[in-house]
Amino acid sequence: MRTTLFALVCSLCIHTLIPRGVCAQPTNWTLDDQFGRPHAASEWKGRTVLLIAGASPAAATFAAWGDAIVAAYGRGQAGGADSLPFLVVGLADIGNAPRVLHPLIRLRLPRNRARPVLVDYRGTVSRSLGVERLTSNQMVLGPDGQVLLHTRGVPVDTAQARVIAEALRRAVEQAARPAGQRSTP
């Protein structure tokens, strides 16, 4: 009993000392989206991803940031989310919310089936990606899963949306080049 309690206290102390951005990115995670459908990390392999993440108070900005960035990227292109050369995914970190509230929080997430919002019940994936709590985080993930750009901000900023769209464009172009011609974006 004493050893178990000591191990628990030590693990909690060590966990609080590790900066958010230092954790290794998880490679074998599976999270449910707002509809309860499972999504695995392997779905992103080889794809450029626009990830809009945050804790539950920032969830209201998922759709707004996604729309602004897609509009800046598309500049009038029609075709919807299916025609985009990248995935648009939300990530809701609800790890600090009481478990009894998890179903209610999930119901309040955007209901757009073309843009899943993955629910991170423990906050482990969010921490590994360096998601800052209580604000919206916009990230461009390259085909190899690396974070190419990470911005933060709650109100949607059209200038910032253009910067993110440009990073997406570079990542998509980079991914389309043959392996021997790729360079760091």
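Which residue in S4 is the bridge partner of Gly54? In this predicted model, local features need pLDDT of at least 70 and side-chain atom pairs count only at pLDDT 80 or more, while totals for chains, interfaces and linings use all residues. Residues are numbered from 1 along each chain as its sequence is written, and side-chain values use heavy atoms, with hydrogens and water left out.

The partner of Gly54 is Ala92 in S4. The protein chain holds five helices and seven strands, where helices (H or I, at least four residues) and strands (E, at least two) are DSSP runs numbered from the N terminus. Read from the N terminus, the elements follow the order α-β-β-β-α-β-α-β-α-β-β-α. Of the 185 residues in the protein chain, 39% are buried; buried means under 20% relative accessible area, exposed over 50%, and partly exposed in between, with a 1.4 Å probe and protein chains only. The accessible surface of the chain is about 10500 Å², and carbon and sulfur atoms account for 57% of that surface; areas come from the Shrake-Rupley method with a 1.4 Å probe, and for residues only the protein chains shown count as cover. Among contacts (heavy atoms within 4.5 Å) between residues at least 6 apart in sequence, 70% join residues at least 24 apart.

The seven strands form an open sheet with mixed pairing, in the order S2-S1-S5-S4-S3-S6-S7; two strands pair if DSSP finds at least two bridges between them. S2 and strand S7 (147-152) are the edge strands, each pairing on one side only. On average, neighbouring strands of this sheet are turned by 30° against each other, direction ignored. S3 and S4 run in the parallel sense and share seven bridges. H2 packs on the sheet, where H2 touches S3, S4, strand S5 (117-120) and strand S6 (137-141), and the direction of H2 makes about 155° with that of S3. Helix H5 (residues 158-176) also packs on the sheet, touching S3, S6 and S7, with a direction at about 170° to that of S7. These axes are lines fitted to C-alpha atoms, for helices over the stretch in contact, and angles run from 0 to 180 degrees between N-to-C directions.

The aromatic residues come next. Rings of Phe, Tyr and Trp (its six-membered ring) pair if their centres lie within 6.5 Å, with planes under 30 degrees apart counted as stacked, over 60 as edge-to-face and the rest as tilted. By this rule there are two aromatic pairs. The ring centres of Trp29 and Trp44 lie 5.1 Å apart with planes at 75°, so this pair is edge-to-face. Trp29 is in the loop between helix H1 (2-17) and strand S1 (30-33), and Trp44 is in the loop between strand S2 (38-40) and strand S3 (49-55), 15 residues apart. Both Trp29 and Trp44 are buried. For Tyr73 and Phe86, the centres are 4.9 Å apart and the planes at 80°, so this pair is edge-to-face too. Tyr73 belongs to helix H2 (residues 61-74), whereas Phe86 lies in the loop between H2 and strand S4 (87-93). Tyr73 and Phe86 are both buried. The charged end of Arg169 sits over the ring of Tyr73, 4.6 Å from its centre; this requires NZ of Lys or CZ of Arg within 6 Å of the ring centre and within 35 degrees of the ring normal.

Finally, Asp120 lies in strand S5 and counts as buried at 1% relative accessibility. Beyond residues up to four places away in sequence, Asp120 touches Leu31, Leu91, Ala92, Asp93, Ile94, Gly95, Val125 and Ser126.
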